[in-house]
Each structure stands twice: as structure tokens, then as C-alpha cells.
Amino acid sequence: MTPSRFFAVKAGGCLGWERMLSLALVSMVSLVLVMPLSAQQTDPMTDGILAFRAGEHASAVASFNRALKEDPANAEAHFLLARLYWETDLRDVKEAGRHLESALAIDPGNVQYMVALLQQLRADSQLFIIDQSREARRRRLAMDILERDSTNSFANEELGDTYIRDFWRYRNALMYPALDFLRAEYRARTEYDPMAGYLVDQANRFDQANGGITESDVPQTLAQAGPTWNPNQVFMADEFDVEALKNQGVPVLDLSGRAQVAYERAISHLNTALEADPRQRSVYDHLMEIYALKGEYGEALNMLAQMYIFFPEDPELWTYLGYAHYHSGNMEAASKSFESAFRFMDEESAYAYNQIENILPKDELEAYRADEAGYTSRFWMSKDPRYLTSYNERKMEHYARLTYADLLYGSPQLGIKGWNTERGNILVRYGIPNGDVVIIPRSGSGVMMGTPDRGNSLEDLDGNVGVALNVGRYGSGWDMFEEANTYNIWDYGEFKFVFEDPFRNGEFRLYSPSASDISDGAVAYINDYVIKAAETIRETPERYEYEAPGRQIELPYAVAAFKGSDGSTDLYVNYAIPITDAYSPDDEFINITANAGTFVVADNRDILVERRRTIYGLPTAQIVRFDESNLWVDTERMSTPPGRHEVSVEFETAGGGTVAVQRRAVDVPDFSGTTLAMSDILLSYRIEESFDGKPVSGSDILRKGLSIQPAPWTVYGTDQPIYIYFEVYNLTQDAEGMSRYEVEAELTPRESGSGVGRAIRNLFGGGGQGVSTGVPINVEATEDGQYLILDAENLETGLYTLRVTITDQVTGRDVDMSKDLFLE
């Protein structure tokens, strides 16, 4: 029986092992049906194939071994034995490798056998030397396959994957000559290490021999802060402060120029693999990985359109679509894509995407575990940066982070999800870092593959790894693993994380100095990022900074609290929209359609109040003019329980061209007590009597028979009257049923702290509503509302504090409130 009888090579690419075996078994069954009984009973290859298909693996091994006794040069018997020992319950890696090597020795040009070897070499060894040699061997093997079959999908995928690793290594890579970060004694060096450039030379030779990126493809850049560098003058406690190293003149070799070459090669090979076999599922993962790393979201969406044709119910298709749409700014499409992903996810994956335990503060975990679904819903609601939209941007950011973490740091072969790795966990908490730098310290002692003599060629790595260690100045105390280490620094501004890759296999972990480092003088509390990461996570469990699409504007607003009914508090949220375009005061409206919303969120993450409305045209009567800008002002009144809440004010024009989002924590007072109390001071632009019980203007609020236009922007011109409104509660009545109290107002420069005695020069207000500082007020009630008009014409410009003090003349008790304002 000839090899061609069992396996087939698909035009444009090699079939996978499982598909090849399926074809072989179908062909074999057809042959068995027409073969004489005696032939069926005596053909060990046929018996082995049938046993393999039936799951009788031990019987299949026996049959194939019998076939080898009959014909030791039967390459396919070796190949099938390799499969049995590699992918069944008889797994024996050494036996699988031995039989596959035998098959290739008999038929060295067999593309299917070469592809099988390629897949065997993808196994993770956990030793960086072996992994590097396997990577080099896979690269050369893939190149050999492409010489025989230029469109082979597996070989193209392998080369694409290796160039992705090159892209990842080089995109933010820096190298420091003659600086060994893990050795404290580098601070005492007095000479430049003659081996400083040796590692780059060796890397170039190694990459050139194995199809990698070298200096011939793209030049490297050497950036040095100063004209000279003396290693003896480098003093740093934080060994991972990149800018400090540059500032001290340490020459930095920038390897990022190689990344673009690696990117182009990766894309070329992976696209060729898809053209050969668009059902090769893993190729889509590789393409998504490099598109995400490069930020090529449009290209990713084009690729995912093809993936949809072949894998429409694959949950990762939909998470990839959600990720690409999210980073392209297509929020509606991103939200729908993530929702679709949940329809196809298994229970474990869906839980991983929905659980929030890893990003909660410790003091909230008990409440979360008591009601995961309810607490999760409240958590995302409270974190939503824009309540006006139909989607939750913060939740989608979380989904996008999970998708990105799994793309970059997951290991499907080992069943490890990316978000369960150290880098993945931190990425999910804080997002993509502001700075992401890979540091590759140059070898101070000359680690290299092959012989130490630069004139010699690299040792063949197909078999054992040849490692020559030039111990040089370190002698026998040189540490191979420290020498091989690579560092990844993630800088988030207020904090950073440092990871190390001591085995050079891409599996980074948080860096912690070893005992020998500490004994040599390394500052452990500064450079131990296992400890520092735990502290950061405890203090800041997660972080998210919303960036609104379109033109972002500042939205000034003020919040004032007054006594409400039934123990609640009346909360007035006064906000202003800057008007930057010219308009005619004679027009009744500015032709703008916008959505506005005001929301109050409790400390336990419940939404207490929400107000949404669509504004069809901005009434010009509500515009207040200033020297620098004009403001369209409006107010929302809400009734809330007392407590510490968060107030969110949102505004967006139709289509999202202009967006404003402002949030602030406020303490809503409890006015249900019986002691003397005072409301907030409500700064206003205008206050007048309301004789018909209706507001004078659309932006006015009504309190105690007054129509008040609040001032959300606490800025006044010195020639502009300052209106202030306040209320007093729980006054004590005398024997005649009268409440007597005194109002004192003082405007104080914020920087000096001294009072301005004549701040209230002129006081206006008809019908006895106006009051004068120090003048007692008599009312036949236990609560009252009053307003003052302050004239600041003769005051200097600057920041002031307005303080209003109420003294109950019956009891002698007093209460005061203050408010900052600015005079321009």
C-alpha cells in the first residue's frame, strides 16, 4: 500500500492532521469493502487505520509496528505511530518525535510529514534555550516547506506567527550597551565593556541564518542624551526609569525600526495562508493579534468579514468584532457585537466576561458576593460615563480589555486565558499603558548561540543547543538566566509595572530582585514590583478615563440643596452650555438640536434620579453674556434622599458632534432635623418676584415666590450685580409667635483671608425682601427664604469667598454657609 493512498495534499496548502486522517480513513473503508477477505485480514496498515478510527489506540500501535516489521522503510507507519503517540491517550512525546524523525528520514521531502514536525515543534518547553532553538528550527522548516509548496497554509502561518513575535519584540524595544540591570556593581564600573555590542552582532547573525529581521532590513537608531557616557557616573535607585537613564547619558539602542518590516512580512504570510485555506481557524487569531498590536482596526474588520463566512457562530469572531468596532469608534456596532458573542460563548467564558470581582475594591467584595447579578448591574450603571447613550462605554472597555488580554497573553495550548496571566490581569484593571517599553540589556559577558569566536559560523541548532558562555569578568559566578532576562515596563503615569522574561519565551512575570541582587545593594522596596503591584491594586483596583468622541466642551455646573417635602432634599443642578458661534439676540432660538441629561447616583451605586430630554433649539433668552464667552444656562430640579451622591450632567448635539460630560461628588444634607439649619447659597444672575406663580424665564426656578435664574458658572464681572439666595430652617419663635434672626454677609479675598467690610454696599429688593447686613428680620414662621444683591464694583478682580451667617436672636444660635466666586 503506497503513501498516496492514505493522505492527500490539498491544492494550495496542506491539510491538517485530523482532516488528512479523515480522508485516509474514508478511502480505507472504501477499499476494505471491495478487497478479498484474506487481504483484509493480512494488511496491518488497514487494521491500524480502522483501529485508529475506532479509538482502539493500543491495537492500532500493534498493527503499525507489525507493518514496520514487514517493511522497515514504511514511512507512513512511522507517521501514524507519531500521531498516536502525540495526540491520543498514549501520549509519549519522545516516541512521537522518534517516529516522525524516522518518517522524514525515509521520505525527507514529504510536505505532510514536515508539517507534522512543525506542529510538534510548537510545544512549549518552559526553557528559553530550547524554545529559541525550536523557534529557529520551525522558521527554517517552514521556509523549506514553502520551497516545495509556496502556498502551504501551515508553513505560511508559522512564518506569520514568528514575524508577529518579531514585531512584538521590536515595536517598543530598547537596548542598553554594557549595562547589566540586575547587578548592583555596575555602578562601580570604570571602563566601557568591550563586549557591549556583541549581543546585537550575534542576534543579527542568528536572525540572518534563520530568516529573521536584521540590520540589512532596517537600520537601528542609537539615541544618546549626552556626548559621553561614563558607567561609573550612573547612579539610580529605580533601575527601570528609562527617562532617567537617557538623561544621565546612557546610550540607548532603539530596535523599533525593525517592527514595520516584521509587520509587513507577518501580514503577507498570514494572508497567503488564508488564501490557501480560509478554514484554517488559527490564522484569524494571528491576524487579529497583529492588527490589534498595530492598531489597524479597519484591516481587522475586513479580515473578520471573511471569518464570518466560515465561522459565523464562533464567539471569538464576535469579541474580535466588538474590539475592532470599539476602537474604531463604532460604539453601537461594538455593543451589538459583544452582545452577539454571549449567545455563542460557553458558560465559563461568559462568566469570565461578566464577573467583576477582580476589579472591585476589597471592601465591596462581600456585598458583591452576596448578590453578584444585582451588584454587577449597579456597578456598571454607576461607571457608565454617558448615561445618555444606549450603550455603556465603561462596560465595553472592560470587554475590549478582556479580548485584548486574551489575544496577547492567552495560551490555548495550555488552556490559559490571557486575563489570568499577570500582564493580562493588570491590563484588564488599567487598560493599555501610556508607555510600553521592552528593555533588552546587552550582554556584558557575551551570551550567544554557537561559538564565542565572531569569525566562526553559528552552530547547527537542529539537534542539541550549542551554548557558549564567555564568563569574562564575572568568572564562574555568572548567571545565565539573569543574563538572558528581558524587561517590559508599563508606565501609567502615577504608577508603573515592570515585568521580566527570564526564560526569553514571552511569558513575562512581575519583576522582583533576587536575594543576590539585594545583597549586592539593589534597593528592594523601589524595584520589587511584586510588592509594588499589590500596593497599587489595593489602592487603585481599576482605572478608566473616558474620552468623548467629537468636540469636547467644558460644562460648568453648580449644585444647590434645599429642604424638600417628606424628609427628602430638593436638589437644583444648574448647568451652562458655552455658545461659541455668533448668533443674533433678535432671534428667539439658536437652531441646535441636542440631548441633555442629569443623573444622581447613590454611594451604593443605585441611580436615584435621572432626567433626560431633547432640546429643539436653544432659547436666546437664556444666554448670559461674558467678556470671554456666552453661556446658555438651564436648571434641573430633583428630589433626592440625603447622603453622599454623584451628580452627572451630560449634553450632546444631535449626531454627537459636540459632547460634554461632567461628574462631581456632592454631600446632600439632611434637613429633617430640628436644630437651626441653612440651605446652600444659590448664586444667581437675576432674582425677582413671581406674581403669577410662574417663572419669568424658562431657565428660572421658583422658591418662596421668587423667580431665580441660577449662575452655574460662578464668575461675575465687577460691574455685574451678584444675586444670592438662601433659606433658613428651624427658627425658634418667641412668645408672640415671631421668629427673629439676623443676616450677615461677607465677601473675602480667598488669598488674604481678611474681610471686606464694605462688600455689601447697596442692597436692593422690593417689598421688604431685601435685607441689610446686621439688620434683624422678623417673620411669622419657623423657616424663611431671602435674597441679597451684592455690588462688587469697587473690588479687585480675583477669587473670593462669600460667607453668609444666620443668627437666631431668640436662641443665640448661628449657622453659616460659604461659596467661592470669581470676579473678572
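The crossing of helix H20 and helix H21 is right-handed, meaning that the near helix is turned clockwise from the far one by less than a right angle. This is a predicted model, in which local features need pLDDT of at least 70, side-chain atom pairs count only at pLDDT 80 or more, and totals for chains, interfaces and linings use all residues. Residues are numbered from 1 along each chain as its sequence is written, and side-chain values use heavy atoms, with hydrogens and water left out. Helices (H or I, at least four residues) and strands (E, at least two) are DSSP runs, numbered from the N terminus.

**Helix pair H20 and H21**

- H20 covers residues 393-409 and H21 residues 422-430; their axes lie 9 Å apart and the packing angle is about 160°. Axes are lines fitted to C-alpha atoms, for helices over the stretch in contact, and angles run from 0 to 180 degrees between N-to-C directions.
- On the H20 side the contact (heavy atoms within 4.5 Å) includes His398, Arg401 and Tyr409; on the H21 side it includes Arg423, Leu427 and Tyr430.
- By class, seven residues of this contact are nonpolar, two polar and three charged. Ala, Val, Leu, Ile, Met, Phe, Trp, Tyr, Cys and Pro count as nonpolar, Asp, Glu, Lys and Arg as charged, and the others, Gly among them, as polar.

**Helix pair H5 and H6**

- The axes of H5 (residues 75-87) and H6 (residues 93-106) come within 8 Å and cross at roughly 160°, which makes H5 roughly antiparallel to H6.
- The crossing of H5 and H6 is left-handed.
- Residues in the contact include Phe79, Tyr85 and Trp86 of H5, and Glu95, His99 and Ile106 of H6.
- The contact of H5 with H6 has 11 nonpolar residues, three polar and one charged.

**Five-stranded sheet**

- The strand order of this open sheet is E10-E18-E17-E13-E14, with mixed pairing. Two strands pair if DSSP finds at least two bridges between them.
- Strand E10 (551-552) and E14 are the edge strands, each pairing on one side only.
- E13 (residues 589-602) pairs with E14 (residues 607-619) in the antiparallel sense over 11 bridges, and Thr598 stands opposite Arg611 in E14.
- Four residues separate E13 from E14 in a hairpin, and Arg605 in the turn has a positive phi of about 80°.
- E13 also pairs with E17 (residues 643-653), in the antiparallel sense over nine bridges; Ala602 stands opposite His645 in E17.

**Four-stranded sheet**

- A second open sheet is antiparallel, with its four strands in the order E11-E12-E16-E15.
- E11 (557-563) and E15 (623-625) are at the edges with a single partner strand each, so one side of each has no neighbour in the sheet.
- Neighbouring strands of this sheet are turned by 30° against each other on average, direction ignored.
- E12 (residues 569-579) and E16 (residues 630-640) run antiparallel and are joined by 11 bridges, with Asn574 opposite Thr635 in E16.

**Confidence**

- The chain averages a pLDDT (the predictor's confidence in each residue, from 0 to 100) of 78, and 73% of the residues score at least 70.
- Residues 1-40 have a pLDDT below 50, with 82 contacts in the model beyond near neighbours in sequence.
- Residues 219-237 also have a pLDDT below 50, with 58 such contacts.
- Where pLDDT is low, the predicted coordinates should not be read in detail.

Notes. Angles under 35 degrees count as roughly parallel, over 145 as roughly antiparallel, 65 to 115 as roughly perpendicular and the rest as oblique.
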